[in-house]
Amino acid sequence: MDHHSASLPDLHLLSQALTANVNPFIITDAQQLDMPIMYVNSAFEQLSGYRAAEIIGRNCRFMQGQDRDQDVRREIRLALVQGESSTTVVRNYRKDGTLFYNELTLSPLRDAAGILTHFVGFQNDVTAREEAKQQAARAQQQMSATLERMTDGFVAFDQDWNITYVNAAAASMAARQAGEVKGQNLFALSPLSTHLPIGLALKKAQETQTVQQVLNYSAMGKHADVTIYPGQDGITMFLRDVTESSKAQRELQVSEERFFKVFQTSPISIIIVRREDQHFIDVNEEFLRRSGYRREAIIGRSSKDLGLWADQADREVIWDKLDKLQSTQSREILFHDKAGEEGYGVLSLVSVQVDGEACAIGFVRDITEEKRAQRRLKTSEEHAQNIAAALQRTLDLSPDLIASIGSDNCFITASAASNRILGYAPEELIGHSILDFIHPNDRAETFAEAWQIRSGEVTTTFQNRYLHKSGSVVWLEWSSMVLPGDGIVYSVGRDITQRRAAEEDQAFLVAIVQASHNAIIGLSLDGTVRSWNPGAEELYGYTAAEVIGQPITFLVPAEFQILEMELIERARRGERDLPFEAWRVTKSGKQIKVMVTISPVLNAAVQVVGFSKIARDITALRASEHEVEALNKDLRDQLRHVTGLQEIDRSIAASADLDVTLGLILDNVMQRLNADAVTVLLLDQHTLTLEYAAARGFTTALHDLTLQLGEGLGGQVAVDRRPMLIPDLRTVTLSPTWWAMLQKERIMAYYGAPIIAKGTVLGVIEVLHRKPFDPSAAWLETFGVLDDQAAIAVDSSWLFTELERKNLELRLAYDETIEGWARALDLRDHETEGHSRRVTEMTVALCQHLSVPPEQLMHVRRGALLHDIGKMGVPDAVLLKPGKLTEDEWVLMKKHPGYAVDLLSPIEFLHPALEIPQSHHEKWDGSGYPLGLKGEAIPLTARAFAVVDVYDALTSNRPYRQAWTRERALEHIQDGAGTHFDPAVVTIFMQMLHQSAP
C-alpha cells in the first residue's frame with residue numbers, strides 16, 4: 001500500500017461512522033433540480049418515523065405536510081440557491097402526524113473543482129426549546145396584558161435607568177403616551193428628579209436592593225404612593241394614584257362610621273382576628289347569625305376554642321400563610337356552627353394593622369346553600385346521565401338510525417340501528433366522517449343539505465344513499481335539525497330501501513299503465529272515474545278531464561246497465577270475475593265490442609277501496625277470428641281430403657282388397673263433395689257388362705244389378721268415355737225400373753264419369769244428389785282427383801291379381817321341378833322311392849314344432865327336397881359302390897355338400913334353402929363335415945333334417961339290409977343325442993312321433 005492510499009479514509013469505516021452517528025442528518029443531491037434525498041442515517045429514521053426506503057428520492061419539504069406557509073422556507077431556499085450554510089427552525093411532521101420543531105443546519109459540499117455537489121442537513125429536535133420560548137412569549141404577553149389592565153401605574157427600568165416598559169396607567173399619570181417615554185433615560189427625561197424623593201428612593205433601592213416606598217408623592221398635580229422593587233436586571237416601580245386619598249382621609253371619620261354600619265349590616269360574615277393569639281377582636285352580625293354564638297361568647301376566644309373549623313389542618317395552613325405575610329384569597333372551608341351543623345364558606349383573609357396591632361381581617365361568604373345546590377346539581381347530573389343512558393338504550397331500540405353529526409361532519413353518536421341498517425356497529429361510525437359511508441354520487445348533495453340545515457334554513461326530509469358494510473346500497477330518509485348556537489346536526493335516518501324499490505316499482509307500473517294501449521280505468525267505490533289512461537282516451541275518444549268524476553255507466557249501453565252494476569257490486573264485495581265480452585259506446589256514438597276485466601283494489605288492511613277496469617277492443621279480433629275460423633274450416637277440409645287421399649294411396653300401395661280401397665274413395669266423395677249417394681261400376685272385360693262393385697247412400701241393394709255397355713246412364717258414360725252431368729233427372733228419359741228406384745231414393749241430380757287407366761275404361765263413378773245440382777270448378781277438380789285414385793286402385797288391383805296368378809303358376813312350376821330333381825336323385829342313388837318326399841314332409845313338421853317362422857317353411861321344404869343335390873357331382877363308381885368306401889372315396893363323397901352350394905347358389909330364389917344341403921352332415925360334437933361346425937353354430941333346420949334323414953334311412957329297406965323297427969331306430973337316435981344330434985331337437989322329435997302315433 002502506497003503512502004497516498006494509506007492517507008485516504010477507510011470508506012467502510014466512514015460509512016459505519018455515519019450510520020452510528022446519534023445526530024440525525026441527511027444528504028441531498030444538489031445537482032438535481034428538486035435536490036432529492038440520497039442518504040439518511042438511522043438517527044433521522046428514529047426522529048421522523050420514516051424508513052430510509054420511504055424517504056430516499058424525495059424532497060425534504062414533504063415532511064412539512066400541509067404546513068407550507070412557513071417564513072423560514074424563503075431563508076432555506078436562498079441558502080440552497082446561493083450554496084451557503086444556513087441554520088433555521090422548521091415545523092416538521094413525523095410519519096404518525098405529530099409535530100416537532102426541527103433545527104436544520106444546511107452545509108454545502110463541493111468537489112475538488114469547487115462545484116457544489118451535495119448538501120448535508122443536520123437535524124436537531126428542538127421541540128422542547130421552541131415550546132418553552134412560545135410559552136415564555138405567551139407569559140410575557142399575558143403579563144403585558146395584565147399590566148395594561150391594571151389601574152396602578154407600572155414602570156420598569158434597566159440598570160442604566162432606561163425605561164424598558166411603561167403601562168397605560170403610568171403614562172396617563174405622566175400625561176404622556178407610552179411610546180414617548182419608552183426607551184428614554186429617566187434622569188435625562190427629568191433631570192430634576194435626581195434630587196427629588198422619587199429619585200433618591202430609586203437609587204437607594206438599587207444600592208441596598210431593598211424595597212422602598214414613597215407615600216403621597218406629589219408630582220404634576222397628582223399624588224401617588226410609590227413602591228420600588230429592586231431586581232438583578234433592573235428596577236420596577238408601582239405607582240398608585242392617591243390623589244383622592246387625602247380627600248378620603250378627611251372623610252375618614254365619616255367613612256369609619258359608614259364602614260361600621262356596613263360592617264354590621266354586611267350579608268357576608270366579617271371577622272377581625274389578632275394575629276398574635278388568633279383571638280377574635282370583632283365580628284359582625286352576619287357571623288353571629290351564621291355561627292349561632294352571642295358576641296360575648298366569641299370575643300377573646302379563638303376559632304379553635306370554639307371548634308368552628310371542621311379541618312384543623314386546613315386552619316393551620318391558612319395561619320401559616322398569614323405568618324409569611326401571604327393573604328388567603330377565596331379559599332373554600334368547611335365549618336361547624338354552635339349546633340354542630342356543617343356549613344361551607346369562601347374565606348378571604350388578609351393581614352391588616354388595627355391600632356398598630358397586627359391583625360387579620362376575614363370575609364366569609366356563606367356558600368352552604370350553593371354547595372347544597374351543587375350537590376343537588378350533581379345528583380341531578382347523575383340522574384340526567386342515567387336518563388341519557390336510558391334514553392340511549394331507548395334510542396337503540398328504535399328501528400331508525402338516530403345520530404348526531406359534528407361541524408367536522410363526523411359522527412358524534414349513533415344508535416344501535418346502524419348495525420342492522422348499515423352493517424356497522426355504532427363505535428365503527430363514531431369519529432368517522434360521513435363521507436366514508438355515503439354513496440359517492442350523493443356526497444355533494446348531502447353536503448349542500450347539511451349547509452342549509454346549519455344555516456338555519458327550513459328543510460324537509462332528505463333522502464340519500466349509504467353504502468352497507470357488505471357493499472350493497474341502502475336508501476335512508478333523514479329528518480334533521482340544529483339547535484341555535486350548537487352546530488351539531490341531530491338526525492333520524494329511516495331505511496327506505498324497500499320503499500324506494502316499491503316506489504320505483506310503482507313508477508314502473510304507472511309507466512306501463514300510461515304506455516298501455518288497453519283502456520285502464522280506476523273507479524271509486526261509488527263507480528265514478530278516478531283515473532283514465534291514454535289507452536282509455538284512444539279507445540273511447542274521451543279525454544281524462546272529460547270523464548274523471550263521471551259515473552262509469554255512461555260508457556255502457558242501456559241494455560247492459562244492470563249487468564254492469566251487478567259486476568261492480570261483486571267487485572265491491574271483493575269478488576273477482578273472469579274477463580268477459582261487452583259492448584261499449586265511444587264518444588262518437590259508435591258501439592264497440594271489448595274484453596273487460598273488473599278487479600277490486602285492496603288497501604293494506606285488505607279492504608276494498610276502489611276498482612280497476614281493463615278494457616281491450618276486440619272488434620277487429622273477433623272479425624279476424626271469424627276469418628281464421630273460415631280458413632281453418634278450409635284447412636280442415638283440405639286436410640281431410642289429403643288424409644283421405646293418403647289413406648287411399650296407402651290402401652293401393654298395400655295391394656289391399658279392392659272393395660276396401662273403393663269404399664275409402666266413395667267415403668271421401670260423400671264427405672268432400674257433399675254427395676247424397678255414390679256408386680262404382682266395374683267393367684267385366686269378358687262379358688262387357690258393368691257390375692256395381694260398391695255404393696254409399698242407397699237404401700236399395702245394388703250389388704246384383706248389371707248394365708250392358710250403352711245401357712242406362714252409367715253404360716252411356718262408359719261408351720262415351722266422358723263425364724255426364726244431369727242437373728235434374730226429370731228432364732231425361734230413363735227406364736221404368738231405374739226411374740222407380742231413383743224416385744224411391746229421392747235422387748234428382750246425376751253426375752257420372754268414366755274410370756280410365758292407360759286408355760282403357762275400367763268402370764264408372766256416379767255421384768247423385770237429392771236436389772238439383774250444378775258443380776263448381778273446385779268440386780270438379782276434387783272429383784277428378786278421386787276419380788283418378790279410383791282408376792289407379794282398380795288398375796293396381798287387377799295388375800296385382802294377375803301378378804299373383806302368374807307368381808303362383810311360376811312357384812308351382814319351380815316346386816314341381818324341384819320334386820322332379822328329388823325323385824331323379826332317389827333313383828340315381830338307389831334310395832327307396834319316396835325318400836326325399838318323406839324326409840321333406842317330416843322335416844317341415846319337426847320345424848313347425850321347433851317354432852321356425854312360417855315364412856321359412858317353404859325354404860325348409862325346398863332344402864329338404866334338394867338335400868343330396870350335390871351327389872350329382874360324385875362319380876357313379878363311388879356313389880353306387882356296393883361295398884365300403886376307401887379313404888379317398890370318402891374324401892370325394894364328403895364333397896357333395898359343397899357341390900350342392902355350387903349348383904344352387906346361382907339360383908336367387910333358392911339361396912334361403914341352402915342351409916340343409918350344405919350342413920345336414922354336420923354333427924353336434926363337431927365331428928361332421930364339410931366345415932366341422934359344432935353345436936348351435938349348425939343351422940337349426942339342418943340339425944332337424946339330420947335327425948329325420950337318419951330316422952327315415954333306418955326305417956326303410958335297403959339292398960344291403962332290412963328296415964329297422966321304429967323303436968330300434970328311435971333308440972339309436974337317442975344314443976346319438978349330444979354327439980351326432982342336437983339333444984333338444986331329439987327331444988322334440990320324440991314328442992312329435994309319440995303325438996302322431998296311432
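Author: Let's start with Asn41, whose side chain reaches the backbone oxygen of Asn23 at 3.0 Å. That is a polar contact, meaning a pair of N or O atoms within 3.5 Å; within protein, one must be able to donate a hydrogen and the other to accept it, and residues adjacent in sequence count only if both atoms are side-chain atoms. This is a predicted model, where local features need pLDDT of at least 70, side-chain atom pairs need 80 or more, and totals for chains, interfaces and linings use all residues. Residues are numbered from 1 along each chain as its sequence is written, and side-chain values use heavy atoms, leaving out hydrogens and water.

Where does Asn41 sit? You'll find Asn41 in the loop between β2 (37–40) and α3 (42–48). Helices (H or I, at least four residues) and strands (E, at least two) are DSSP runs, numbered from the N terminus. Asn41 counts as buried because its relative accessibility is 1%. Buried means under 20% relative accessible area, exposed over 50%, and partly exposed in between, using a 1.4 Å probe and protein chains only.

Now for another loop residue: Met748 lies between α28 (736–745) and β30 (749–757). Met748 has 22% relative accessibility, so Met748 is partly exposed.

Next, a helix pair. Helix α30 (residues 835–849) packs against helix α31 (residues 854–865) at about 150°, with axes 8 Å apart. Axes are lines fitted to C-alpha atoms, for helices over the stretch in contact, and angles run from 0 to 180 degrees between N-to-C directions. So α30 and α31 are roughly antiparallel; that label needs an angle over 145 degrees, while under 35 is roughly parallel, 65 to 115 roughly perpendicular and the rest oblique. On the α30 side, the contact residues include Thr840, Val844 and Cys847, and on the α31 side Leu857 and Arg861 are among them. By class, that contact has six nonpolar, four polar and two charged residues. Ala, Val, Leu, Ile, Met, Phe, Trp, Tyr, Cys and Pro count as nonpolar, Asp, Glu, Lys and Arg as charged, and the others, Gly among them, as polar.

Last up, α36 (residues 940–954) and α37 (residues 966–976) pack at about 145°, their axes 9 Å apart. Val947, Val950, Tyr951 and Leu954 of α36 touch Arg966, Ala969, Leu970, His972 and Ile973 of α37. That group splits into seven nonpolar, one polar and one charged.

Technical notes: Contact means heavy atoms within 4.5 Å.
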